[in-house]
Amino acid sequence: MLKLEIINKAMDYKKAIITHLADQKLQFDEGLIPEEVISNKQGRIQILTQTAMIEGEVNFFDGDEEMKTFLEYGLDRFGEELQELSPDMMATNVTGPIHIKNVRFKSISASDSFIEMDEMIVFSDQVVGMAIVK
């Protein structure tokens, strides 16, 4: 349990690693990291859960777009509304939400088929591992 006044100060280690690596990939794609230091130069992030492989692009919420997707808007509003609650309230089930766009979801039990989605949220407590894939 965490008090709401410190929930935004708490670091979710799994989410931090995933978003850091996705950001490094973006920096590489933009030419900010020299090509000669990276061997696999293409790919999307792939997250492994207990039951699925989820492939897509991590959303960093750093754009200035006027129009947001429903999940972008909802997550922004959630953060704002948390600030309005009493700082003495306690939160449970605190894990970092990882917002992924252009998603391909493949169940491990039915690996021959996949579902495509515009976006989804994966909660970090479900993450077993991650990779950058072609």
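Leaving aside neighbours within four places in sequence, which residues is T49 in contact with? In this predicted model, the list reads I54, I108, Q126 and V128. As for where T49 sits, it belongs to strand β2, which covers residues 44-49. T49 counts as buried because its relative accessible area comes out at 9%, and the cut-off for that label is under 20%.

N102 is the next residue to look at. It is part of strand β5, running over residues 97-107. Its phi is positive, at about 50°, even though N102 is not a glycine. As a rule, most residues other than glycine have a negative phi. With a relative accessible area of 41%, N102 is partly exposed, whereas T49 is buried.

Then there is the open space in the model. Rolling a probe the size of a water molecule over the atoms shows where empty space is left. The largest pocket has a volume of about 700 Å³. Its lining is made up of 29 residues, and the closest to the pocket centre are K15, F78, T95, G96 and P97. Four elements, namely α1 (4-7), α2 (13-29), α3 (70-84) and β5, each give two or more residues to this lining. The largest share comes from α3, which puts in five residues.

Notes
Residues numbered from 1 in each chain as written. Predicted model: local features only at pLDDT ≥ 70, side-chain atom pairs only at ≥ 80, totals over all residues. Heavy atoms only, no water. Buried < 20%, exposed > 50% of the residue type's maximum accessible area, 1.4 Å probe, protein only. Contact = heavy atoms within 4.5 Å. 1 Å grid on protein atoms, 1.4 Å probe; cavity = no way out; pocket = protein on both sides within 12 Å on 5 of 7 lines; lining within 4 Å. Points joined across faces, edges and corners; volume = space filled by probe spheres on them.
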